[in-house]
Each structure stands twice: as C-alpha cells, then as structure tokens.
Amino acid sequence: MNKLKEIVSQFIGDDANVEIKPLGKGHINDSYKVVSGDGDKEYVLQRINHHIFKNVYELQNNIRRVTEHIRKKLEEQGVADMNRRVLTLVPTREGALYYQDATGDYWRVMDFIKESKSYDEINPELAYRAGMAFGDFQKMLSDLPGEPLFETIPNFHNMEARLETFREAVKANKAGRLDKVAGLVKEVEDRAEEMCKAEKLHREGKLPKRINHCDTKVNNILFDDNDQVLCVVDLDTVMPGYVLSDFGDFIRTGANTGAEDDKNLDNVSVDLDIFEAYAKGYLKNATSFLTAVEIENLAFGAKLLTYMQAVRFLTDYIDGDTYYKIAYPEHNLVRTQAQFRLLQSLEENFGKMRQIVKEAAGI
Ligand code: GN1
Ligand code: MG
C-alpha cells in the first residue's frame with residue numbers, strides 16, 4: 001500500500017492517513033477508492049492498462065475533452081450538483097493528466113462520485129432511464145469541437161478486424177486449447193458474414209460513425225439514492241463508432257437474465273421488457289439525430305455486440321488468457337458459452353426486437 005500512497009501523493013499531496021481500498025470489477029484497469037485522512041475528500045485511483053491503451057496521453061486527453069464538453073453543456077442547462085453529473089479528472093501537482101511511476105505504470109485520479117451506485121441487473125424503469133442517458137450522452141458529444149477523438153484502441157468494435165484476430169489465434173493455437181473449442185469456432189464462422197454487415201454499410205456510405213461510448217455496460221451508469229441517473233462513467237473507449245454498437249452493448253449486459261459469465265446457461269436469455277424499455281428511453285433522446293439505417297439496425301446491434309464479445313472471449317481463451325482478467329482457469333470459456341447462449345436467445349427473438357424498435361421510433 002505504501003507504493004499506492006506515494007502515487008496518490010503525486011496528485012493530492014502527502015497525507016499520512018489516506019485510505020486506499022480496491023474498487024469495482026473492471027476486466028482491464030485496476031481501480032481503488034481513496035479517502036483523504038480527514039475523511040473530507042474521496043477519489044478513484046486507477047492504474048491504466050497501457051498494454052491495452054497504448055497511448056495514455058491521447059486517452060487522457062480524450063477524457064479531458066469529453067468531460068469538459070459535457071460539463072459546459074450541463075452548465076448551460078443550469079443543471080445542479082455538477083460534480084456528481086460528470087466525471088472530474090484530478091491533475092497531478094505538476095498539472096499533468098496522469099502520472100507514470102518508476103516501474104513504467106500509468107496512473108490517474110478522478111473525483112469519486114458521492115452517494116452513487118451501479119447495477120449489474122436492472123428493471124425496466126431503470127433501463128428506460130439508462131437509455132435516455134446514453135442517448136443524451138451521444139447527443140451532447142455530437143458537436144464536440146476540434147479534431148476527431150483519438151481511437152484509443154484501433155478497430156475496437158470493428159467486427160472484420162476482430163474476426164481476423166480470431167482466425168490468427170485459431171491458426172496459432174498458442175495454448176493448445178483448440179480441440180476443446182472446435183464447436184464454438186464453427187458457431188463463430190457460421191455467422192461471420194452476417195456480422196460484418198456494419199462495416200460493409202459504412203464502406204457503402206450508409207452507416208455513419210459518431211462519438212460513441214463503446215463500453216455501454218449496464219454498470220457504467222451511476223444512479224443516485226432515488227435511482228435517478230447521475231452520470232455515465234468509464235470513458236476510456238469514447239471514440240468514433242456506430243450507434244448500433246452502443247445500443248447493442250447495453251442490451252448484451254442489461255437485458256441478459258443471467259450473468260455475462262453465468263455457468264448455468266439456463267439462466268441466460270434476453271429480457272424483452274428491458275429491451276423495450278431501453279429502446280424507448282434511447283430513442284426518446286436519439287431519434288432526432290439518427291438516420292433510418294441506424295434505427296433499422298439497432299436490434300441487429302444487440303446480436304452483433306453479443307457475438308463480438310463471444311469472439312473476443314473465445315480469442316482470449318485460445319490465446320491462453322492474455323487480455324481479460326480471469327478469476328479461474330476456464331473463465332474465458334465460460335464467458336464465451338454464456339455469450340453464445342445469449343446470442344441464440346437474441347436470434348430467436350430478433351423479429352420481436354425489430355418490431356419493438358420500430359414502435360419505439362414511431363415508424
Ligand atoms: C472490458 O473492463 P471493462 O468491464 O470496462 C472491455 C469491454 C468489454 C467488457 C466485457 C477496453 O470492459 O470492451 O465489453 O470488458 N474493455 C476493453 O465485459 O476491452
Ligand atoms: Mg471499460
């Protein structure tokens with residue numbers, strides 16, 4: 001912990017009684033909650049995974065631009081309680097947006113959003129509010145001035161690129177696990193063409209890129225004690241992308257009756273009430289700026305992001321677990337199977353989902 005204290009001091013100065021405890025369950029970065037010795041100030045300290053986010057300056061600069069822009073918008077709207085409505089980066093004492101320690105690790109600090117909570121499972125009412133929040137998030141960022149945002153992970157939600165990486169992993173079979181997953185590899189290949197549709201539409205000029213969150217997991221929305229949305233967090237991957245991918249990732253995580261890594265596949269299926277509520281909330285705020293092609297493909301987005309996540313987990317399993325943090329040896333395989341089960345449920349309900357989106361958009 002002394003090392004962490006020394007790192008925290010780079011941001012907030014020396015504080016012998018500062019308290020630092022592990023926080024959250026992200027798969028990528030390490031997070032800690034920091035409370036000042038006098039108990040007055042609370043922060044989040046994060047070690048940025050720079051094997052994944054290779055350009056830390058650009059990453060932090062994206063977050064600075066995004067949070068400043070949102071803050072300005074909220075101020076214009078006269079929103080109260082600003083510090084709980086948007087993330088605030090805490091610079092180092094030298095004014096930098098991150099600190100690199102002697103071992104080469106990168107660290108950042110943000111204000112902790114007080115009296116907030118997140119959910120891994122929600123109800124339709126909360127899904128509706130989350131939908132409005134993500135719609136609003138995209139809308140607020142639609143006029144971000146200056147250069148396009150930096151792509152913090154190149155080709156992050158590009159299905160063609162993900163499949164290429166997957167096929168390389170299959171070929172290399174680094175961990176010798178291929179025999180075990182032959183059935184899953186076939187499931188991936190059977191759907192590959194359909195799932196590259198977004199990239200194709202983009203090349204044909206039919207599907208635009210907009211500033212997206214790119215990690216719209218249900219637990220990346222913070223709610224207050226009255227279950228009203230406070231703000232959207234985890235801004236590492238905010239970058240240009242397809243809106244159907246932000247829509248889809250919320251459904252993948254928020255409208256799953258089971259867990260992302262459920263061992264009991266009978267728990268896993270799409271909850272259509274949550275799907276409907278989220279679609280209604282999202283389209284309430286987003287219909288004004290979406291094109292017909294984007295709306296038409298939202299339901300497909302749910303299948304795409306679930307498939308993409310299955311491919312990513314399976315790739316990592318085949319590679320020998322080098323990307324995602326795992327809690328036990330077969331974790332990535334369990335995650336892959338659970339995502340495939342959800343995908344099957346989405347496929348079975350696809351017609352209904354498309355109808356729900358149509359109705360929610362009033363078309
Ligand atoms: C990772 O660590 P977390 O939960 O923010 C991943 C997402 C995946 C998610 C799967 C940078 O997000 O893309 O959807 O795990 N983030 C990165 O749960 O790869
Ligand atoms: Mg994330």
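Predicted model: local features only at pLDDT ≥ 70, side-chain atom pairs only at ≥ 80, totals over all residues.
Residues are numbered from 1 along each chain as written, with chains lettered from A and ligands numbered from 1 in written order. Local features need pLDDT of at least 70 and side-chain atom pairs pLDDT 80 or more, while totals for chains, interfaces and linings use all residues, and side-chain values use heavy atoms, without hydrogens and water.

Visitor: Into which domains is the protein chain divided?
Guide: The bounds come from an automatic or database domain assignment. The chain is divided into domain 1 (2–111) and domain 2 (124–361).

Visitor: How many residues of domain 1 are in contact with domain 2?
Guide: The centres of the two domains, taken over C-alpha atoms, are separated by 26 Å. Contact means heavy atoms within 4.5 Å, and on the side of domain 2 it involves 30 residues. On the side of domain 1, the number is 24 residues.

Visitor: Which residues come nearest to ligand 1?
Guide: The shell around ligand 1 draws at least three residues from each domain. A residue belongs near the ligand if one of its heavy atoms lies within 4 Å. Of the 15 residues around ligand 1, those that come nearest are H27, K217, E260, Q309 and Y323.

Visitor: How far does a polar side-chain atom of E260 lie from an oxygen atom of ligand 1?
Guide: A polar contact is a pair of N or O atoms within 3.5 Å. A backbone N or O atom of I28 lies 3.3 Å from a ligand oxygen atom, and a side-chain N or O atom of Q309 is 2.7 Å from one. For the polar side-chain atom of E260, the distance is 2.7 Å.

Notes: Polar contact = N/O pair within 3.5 Å; in protein donor to acceptor, adjacent residues only side chain to side chain.
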